[in-house]
Amino acid sequence: QDDVGLPRTTVQKSIKELMPKEMRIAGDASELLVQCCNQFVHLVSTQANDISEREKRSTISPEHVVKALEELEFGPQYLEAVKAGLDNKEHREHKAGHKKGDSGLTQEQLIELQQKLFEEARAATLSG
Amino acid sequence: MDASPAGSEGAASPGSKGPTALIITVNRVKNLVKEDAEIKSISTEACFAVAKATELFLEGLASKAAAHMQAAGRADSLEYADVAAVVAESEALDFLGDVVPQTVKAAALLASA
């Protein structure tokens, strides 16, 4: 089913960008990676849902997702990357003035931070 | 109304290109989450957060699988076995037990014994 879950071609493309040019990915390998990502989405959203229920909220908020990632102990780079993404999104959507909770970083700094975090995540996963 | 997602729909732009660019689009996450009967409601922004985290997860998993491939002396093609081995070897990835058949896990355990 291509309607729900992650599109395999998109996943394949982005993995290829991470890897050396000559490298290929077997069809069943990328399919498996897609399944893993789908499972990850369910895991995180279920945890976030539990948290939202604990807080007696009817809708899962991004804060619930951040808390879920904390509780699932995937690592601080996840929290940083998600927070940086959410923060930057706010910058983009609220152009006028400063929003409460402004991290004070410029767009460029946030992008740099993001790249640094992704590199650290890669390094961490390779050595882990 | 929910604000429209910052990532471009369907485009393959890796997370490392910018904080709001997404491999996994917000709508896909939303549809995936809705499949879960226990989850009543999730905000678009929360879907964005999930998408971002999933992106990081994918990059980590792919990197590890590539490392496995290289350790096995191959460099041409990432195989199912490389991904499966990474899943089997990591306790943190136990939640993927349904996705990776138990026989693969057992084989990996035997191989590392």
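A nonpolar core is a set of buried Ala, Val, Leu, Ile, Met, Phe, Trp, Tyr and Cys residues joined through side-chain atoms within 4.5 Å. In this predicted model, the largest such core has 63 residues, and helices of both chain A and chain B supply residues to it. Helix 2 of chain A and helix 2 of chain B also pack against each other.

**Chain A**
- Chain A holds 5 helices and 1 strand, in the sequence order α-β-α-α-α-α.
- Of its 128 residues, 44% are buried.
- The accessible surface of chain A is about 7100 Å², with 48% belonging to carbon and sulfur atoms.
- Among contacts in chain A with a separation of 6 or more, 35% are between residues 24 or more positions apart.

**Chain B**
- Chain B has 4 helices and 1 strand, arranged from the N terminus as α-α-β-α-α.
- Buried residues account for 55% of the 113 residues in chain B.
- For residues at least 6 apart in the sequence of chain B, 33% of the contacts join residues at least 24 apart.

**The largest nonpolar core**
- The members that touch the most other members are A:Phe40, A:Val65, A:Leu69 and B:Phe57.
- From chain A, helix 1 (8–18), helix 2 (27–54), helix 3 (62–72), helix 4 (76–93) and helix 5 (107–127) each supply at least two residues of this core.
- From chain B, helix 1 (26–34), helix 2 (44–71) and helix 3 (80–89) each do likewise.
- Helix 2 of chain B gives the largest share, 15 residues.
- Beyond its neighbours within four places in sequence, A:Phe40 is in contact with A:Leu69, A:Phe74 and A:Tyr78 in its own chain, and with B:Ala53, B:Thr54, B:Phe57 and B:Phe95 in chain B.

**Helix 2 of chain A against helix 2 of chain B**
- The two helices pack at an angle of about 140°, and their axes lie 10 Å apart.
- Helix 2 of chain A is therefore oblique to helix 2 of chain B, because angles over 145 degrees would be needed to count as roughly antiparallel.
- The crossing of these two helices is right-handed.
- On the chain A side, the residues that meet helix 2 of chain B are A:Leu33, A:Cys36, A:Cys37, A:Phe40, A:Val41 and A:Val44.
- Their counterparts in helix 2 of chain B are B:Val50, B:Ala53, B:Thr54, B:Phe57, B:Leu58, B:Leu61 and B:Ala62.
- A:Phe40 and B:Phe57, both listed in this helix pair, are also among the core members that touch the most others.

Methods
Residues are numbered from 1 along each chain as its sequence is written. Chains are lettered from A and ligands numbered from 1 in the order in which they are written. This is a predicted model: local features need pLDDT of at least 70, side-chain atom pairs count only at pLDDT 80 or more; totals for chains, interfaces and linings use all residues. Side-chain values use heavy atoms; hydrogens and water are left out. Buried means under 20% relative accessible area, exposed over 50%, partly exposed in between (1.4 Å probe, protein chains only). Contact means heavy atoms within 4.5 Å. Accessible areas come from the Shrake-Rupley method with a 1.4 Å probe; for residues, only the protein chains shown count as cover. Axes are lines fitted to C-alpha atoms, for helices over the stretch in contact, and angles run from 0 to 180 degrees between N-to-C directions. Angles under 35 degrees count as roughly parallel, over 145 as roughly antiparallel, 65 to 115 as roughly perpendicular and the rest as oblique. A crossing is left-handed if the near helix is turned anticlockwise from the far one by less than a right angle, and right-handed if clockwise.
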